[in-house]
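Open the model in your viewer and keep the selection tool ready. The stops below go from the whole chain down to single side chains.

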Amino acid sequence: MTLGSPLLSAIPGLRHAFFSREGGVSEGIYAALNGGLGSREKNRRRMAEQLGVPLDHLVSVHQVHSPDVVAVTGPWNGAARPKADALVTRTEGLAISVTTADCGPILFVDPNARVIGAAHAGWKGALTGVLESTIDAMEKLGAERGGI
């Protein structure tokens with residue numbers, strides 16, 4: 001099952017999704033639509049297709065419950081994923097993603113600056129500033145705090 005925000009859906013050219021566990025191919029304790037980096041590629045491919053991007057353009061990080069943010073300009077191209085808990089970009093055609101279980105996924109957008117951010121907000125990251133760090137990183141890409 002894919003969920004969306006009516007507010008984000010109203011922004012021209014912006015695709016987003018919150019995926020539930022339904023519709024995947026993983027088995028065992030991670031059964032269903034597990035989108036984590038260790039999950040089956042078929043699951044991530046389904047997510048990328050839903051977002052309208054090639055699989056390598058569905059970019060995520062190695063989440064570590066930190067306040068750290070990475071600015072992304074393109075696919076990782078086989079490089080190791082950085083350790084962080086949020087991503088920001090202004091690159092068209094790129095899907096940034098975070099995965100959560102009992103943490104919160106937070107999506108940010110400044111539609112005028114065409115800058116987006118995605119944060120994995122667990123208690124530790126939220127307490128140490130991952131949301132604030134994400135907004136700061138978006139501002140470095142041209143977003144305006146009042147426009148997010």
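The tour begins with the overall fold and then turns to selected residues.

This is a predicted model, in which local features need pLDDT of at least 70 and side-chain atom pairs count only at pLDDT 80 or more, while totals for chains, interfaces and linings use all residues. Residues are numbered from 1 along each chain as its sequence is written, and side-chain values use heavy atoms, with hydrogens and water left out.

**Whole protein**

Show the cartoon view. The protein has 4 helices and 8 strands; these are DSSP runs numbered from the N terminus, with helices being H or I of at least four residues and strands being E of at least two. Along the sequence their order is β-α-β-α-β-β-β-β-β-β-α-α.

Switch to the surface. The accessible surface is about 8300 Å², and 54% of it belongs to carbon and sulfur atoms. Such areas come from the Shrake-Rupley method with a 1.4 Å probe; for residues, only the protein chains shown count as cover. Of the 148 residues, 41% are buried. Buried means under 20% relative accessible area, exposed means over 50%, and partly exposed lies in between (1.4 Å probe, protein chains only).

**Two loop residues**

Select His65, in the loop between strand 3 (58-60) and strand 4 (69-71). His65 is not a glycine, yet its phi is positive, at about 60°. Most residues other than glycine have a negative phi. His65 counts as partly exposed because its relative accessibility is 35%.

Next select Arg114, in the loop between strand 7 (104-110) and strand 8 (115-121). Arg114 also has a positive phi of about 60° without being a glycine. With a relative accessible area of 34%, Arg114 is partly exposed.

**Salt bridges**

Glu92 counts as exposed, at 55% relative accessibility. A salt bridge here is a side-chain nitrogen of Lys or Arg within 4 Å of a carboxyl oxygen of Asp or Glu, and by this rule there are 3.

Which residues are linked in a network of salt bridges? Select Asp136, Glu139 and Arg145. Arg145 pairs with Asp136 at 2.7 Å between the closest N and O atoms, and with Glu139 at 3.0 Å, N to O. Asp136 is partly exposed at 37%, as are Arg145 at 45% and Glu139 at 31%.
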